[in-house]
Amino acid sequence: MNSHSIMAVPSLFAAFDKDGDGKVSTSELRRCMEATLGEYVSEEEAVAALAVVDTDGDGLLNQEEFSRLAAGAHEEDDADVKRRYLREAFGIYASSSVEDTATTTMITPASLRRTLSRLGSHELGVEECRAMICRFDLDGDGKLSFDEFQVMMMA
């Protein structure tokens, strides 16, 4: 957390502490998270987020605990967002298959060709798609796993 962010924590804490009691409850946390994130936050999610940093175990966040929550959310946020976007992109190209009762999601030459065609790319043959996959197919199985896709996207 940089010095600008550290200075913003007291005012952020005050904004979350709606009743001004010096503590942020799960309901205050939920309301403010929903207002800032624009998404519904369940009671369970708010309790789980609070529990991670609630060192005194009172079920409420004081300013120090809130600062740790804000710092952790900021540090994880960038990595989590990147990973979520990569997962979504991977899902567009991947196909699922059931092998040994486990579902495996991989980008195959056929699924890559199908997706590129749907996206309006010129028609590529399966062999051209196989060659594209081969560049990042680290385990040599002819398909891209999410980890291999992630390496490719970060290259």
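1. Helices (H or I, at least four residues) and strands (E, at least two) are DSSP runs, numbered from the N terminus. The model is predicted, so local features need pLDDT of at least 70 and side-chain atom pairs count only at pLDDT 80 or more, whereas totals for chains, interfaces and linings use all residues. Residues are numbered from 1 along each chain as its sequence is written, and side-chain values use heavy atoms, with hydrogens and water left out.

2. The UniProt record, in an unreviewed entry, lists "domain: EF-hand" for residues 4-39, 41-76 and 124-155; such annotations may be inferred rather than shown by experiment. Over residues 124-155 the chain is 56% helix and 0% strand. The end C-alpha atoms of this stretch lie 23 Å apart.

3. Helix H2 (residues 26-37) and helix H3 (residues 43-53) have axes that come within 9 Å and cross at roughly 110 degrees. Axes are lines fitted to C-alpha atoms, for helices over the stretch in contact, and angles run from 0 to 180 degrees between N-to-C directions. H2 and H3 are therefore roughly perpendicular to each other (65 to 115 degrees). In contact (heavy atoms within 4.5 Å) are Thr26, Leu29 and Arg30 of H2 with Glu43, Ala46, Val47, Ala49 and Leu50 of H3. By class, this contact has 5 nonpolar, 1 polar and 2 charged residues. Here Ala, Val, Leu, Ile, Met, Phe, Trp, Tyr, Cys and Pro count as nonpolar, Asp, Glu, Lys and Arg as charged, and the others, Gly among them, as polar.

4. The axes of helix H5 (residues 109-118) and H6 come within 8 Å, crossing at roughly 110 degrees. H5 and H6 are therefore roughly perpendicular to each other. From H5, Pro109, Leu112, Arg113 and Leu116 meet Val126, Cys129, Arg130, Met132 and Ile133 of H6. The residues of this contact divide into 7 nonpolar, no polar and 2 charged.

5. A pocket is an open set of points on a 1 Å grid over the protein atoms alone, where a 1.4 Å probe fits, with protein on both sides within 12 Å along at least five of seven lines; lining residues have an atom within 4 Å of a point. Among the residues lining the second largest pocket are Tyr93, Ile107, Arg135, Phe136 and Phe149. Helix H6 (126-134) and helix H7 (146-154) each supply at least two lining residues, and the largest share, 3 residues, comes from H7. The lining divides into 10 nonpolar, no polar and 1 charged.

Note on methods
Parallel < 35°, antiparallel > 145°, perpendicular 65-115°, else oblique.
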